[in-house]
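Work through the exercises below with the sequence and the model in view, and try each task before reading its solution.

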Amino acid sequence: MTERNWAGTHTFTAEAVLAPTTIDEARRMVASYDQIRSLGTRHSFNDLADTAGVLLDLTGLDADIVVDEDARTVTVGAGTRYAVVARHLADHGWALHNMGSLPHISVGGATATSTHGSGDGNGSLATAVRALEFITPDGELRTVSAGDADFAGSVVHLGALGPVVRLTLAIEPTYQVRQDTYAGLTWDDLLKRFDEVTASGYSVSVFTRWNTPDVGEVWIKERLDAASAPDMPERVLSARRVRVKADSPAADGVDNTTEQGGIPGDWCERLPHFRIDATPSNGDEIQTEYWVDRAVAVEAVAAVRSIADRVEPALLVTELRTVAADDLWLSPGFGRDSVCIHFTWKNEPDAVREAIANVERVLAPFDPRPHWGKVFSMPIRRFAPASR
Ligand SMILES: Cc1cc2nc3c(=O)[nH]c(=O)nc-3n(C[C@H](O)[C@H](O)[C@H](O)COP(=O)(O)OP(=O)(O)OC[C@H]3O[C@@H](n4cnc5c(N)ncnc54)[C@H](O)[C@@H]3O)c2cc1C
């Protein structure tokens, strides 16, 4: 097997990768193998999607996008990339509540791991799921919908539910967003006025390298569908609005980010960091992320900063985002408003392993929950009881 994940950090050990192009073909495949696991666009950084059996790559299934305007939902093939469904929705006057940083990730794979964007009031992308249609081991189709007893345990399923072929998501009328970048936020302001920073827009991302005199950049994405469109301030606390486009968070020197500078655009062209028509270069990176309760976020951020010198050698950039609590059993956001402390590392596994061990050591008192699709080393038994 030479098939790898997107970043090339994991080579799948499965016997084979099957690629059905119709739901019926997928059903026949499921019924004829003992052990099968689903594959999305392979953007997870660890072995989450792997199996000793066979992999079912569902990205070849038809997108077949169906908007139900009365129910305010869209139903779509689970292997469809967010970019495809988002563009379709915007073109037809509709929107999702949020997007992850990368629009190229499949809807089925992203919601399976509780992939998220940012925003104090925004749940993860999984919170938009209203129904899932999946294949049972005998090849039958089954649907779980919001309101069913099993629903909250089925949405963030980490691939364990069986191959999901169709997903229904909540939609709302389309809206415009502007994106502005700010520089020069002091550590004092971030740590003492954290809530003001994250409340400064619909979706706020704070980028840092931990060891710099000031924090770094703040990217603020603001909705323009309020009664009067907000004119963003020149300053957010100590941070100044900058007119020059910020560097890509992938640190690849490529202009692949969505429009900044306050120019309004469709939600799907501002909420992701990366443009639909571009890709963050070659995936030469490793990612890690921990969700902590908002109530202890400032202390958790300060704890990581206290080991900046041990994190920095392996680091490309850290991003801090906020996510609203949900009730999805396996979601890292279950039952608590969260701050997500993310690390994009250099593709240097040994240095990253050491940095992760240090980060997990200082975050341990704050009951961190790892992003399931990124690299972590903490044993599951440490956070499982806390997640009940
Ligand atoms: C450049 C980059 C940027 C990223 N940005 C973000 C971000 O902004 N926010 C964030 O939270 N995460 C982010 N991630 C992580 C990523 O969103 C998650 O790892 C996500 O789960 C990947 O989705 P995928 O379609 O690639 O799924 P895969 O990695 O292929 O699979 C992930 C899991 O979902 C299961 N699965 C996939 N499809 C199906 C299906 N149809 N039916 C049943 N199970 C299925 C798999 O079995 C596996 O368990 C990023 C990753 C990369 C590489």
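**Exercise 1.** How many residues surround the ligand, and which are the closest?

*Solution.* The model is a predicted one, in which local features need pLDDT of at least 70 and side-chain atom pairs count only at pLDDT 80 or more, while totals for chains, interfaces and linings use all residues. Residues are numbered from 1 along each chain as its sequence is written, and side-chain values use heavy atoms, with hydrogens and water left out. Counting a residue as near when one of its heavy atoms lies within 4 Å of the molecule, we find 37 residues around the ligand, and the closest are S38, H43, S44, S106 and T113.

**Exercise 2.** Find polar contacts of the ligand, that is, pairs of N or O atoms within 3.5 Å.

*Solution.* Begin with S44, which has a polar side-chain atom 2.7 Å from an oxygen atom of the ligand. Next, an N or O atom in the side chain of R321 is 2.9 Å from a ligand oxygen atom. Finally, L158 takes part through a backbone N or O atom, which lies 3.0 Å from an oxygen atom of the ligand.

**Exercise 3.** What percentage of the area that the ligand exposes when taken alone does the protein bury?

*Solution.* With accessible areas from the Shrake-Rupley method and a 1.4 Å probe, the ligand alone exposes 960 Å², and the protein buries 99% of that.

Definitions and conventions:
Polar contact = N/O pair within 3.5 Å; in protein donor to acceptor, adjacent residues only side chain to side chain.
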